[in-house]
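Please read them with the sequence and the coordinates open beside you.

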Amino acid sequence: MTKFLDIVPSWLWALLLVLALAVIGVERTQVLKARADVSRAQKAVSDEKLDRQAENTRRALAALEDLQHVLAMQAVHAKAQQENVNVYEKKLAVLDGRRRAAAGDAERMRKQFADFASRDRDQAASDPAACQRVADRSTVLGGLAARGAELLRSGRLIVEQRDAEVEVLLGIVGNDRALMGPAPR
């Protein structure tokens, strides 16, 4: 085997060795360059994932903020609606009390007119025909006056109740418009 090595001059062996080392060096450089390229690509993918996560987080926070704003608007709306209903119910309770008082007043007036008519009849006992006509007229007029006063009070209460209903409906419409209107930011 030494003869085979002696056939090829030593400078050629040295040259082959240098060439082999150069090829190995070039291959090693290309492998390192490829690893660096892979590392850069992985970093770019990682950066892209981080950017997407940041964007998704930003969108989720914006959606959460919008949801909180909508919930706050709904809470204000519900509170205003409840206040409108409470005011309306208080007005209805006041009107109902006044209606009962008016009914009591009407009944008292009816009794007073009946008592008046009864006194007229008792006093008219001396002239039966004329006094009976006066008594009958007095009874009819008393009943009509009491009924008229009762109708007047009832009509007034109905109008006031309708006013209260209109006020609560206007409050509800205004409240709904405030909820549906453009949101102040």
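1. Contact, as used throughout this note, means heavy atoms within 4.5 Å. By that criterion R99 touches L157 and Q161, residues up to four places away in sequence not being counted.

2. On provenance, this is a predicted model, in which local features need pLDDT of at least 70 and side-chain atom pairs count only at pLDDT 80 or more, whereas totals for chains, interfaces and linings use all residues. Residues are numbered from 1 along each chain as its sequence is written, and side-chain values use heavy atoms, with hydrogens and water left out.

3. The protein chain has 3 helices and 0 strands, where helices (H or I, at least four residues) and strands (E, at least two) are DSSP runs numbered from the N terminus. Helix α2 covers residues 10–123 and includes R99, while helix α3 covers residues 128–180 and includes N175.

4. R99 and I158 are separated by 59 residues in sequence, yet their C-alpha atoms are 9.3 Å apart in space. Because its relative accessible area is 32%, R99 is partly exposed (buried means under 20%, exposed over 50%, partly exposed in between, with a 1.4 Å probe and protein chains only).

5. N175 has a relative accessibility of 10% and therefore counts as buried. Its contacts, leaving aside neighbours within four places in sequence, are H77, A80, Q81 and N84.

6. For the chain overall, 12% of the 185 residues count as buried. Among contacts between residues at least 6 apart in sequence, 85% join residues at least 24 apart.
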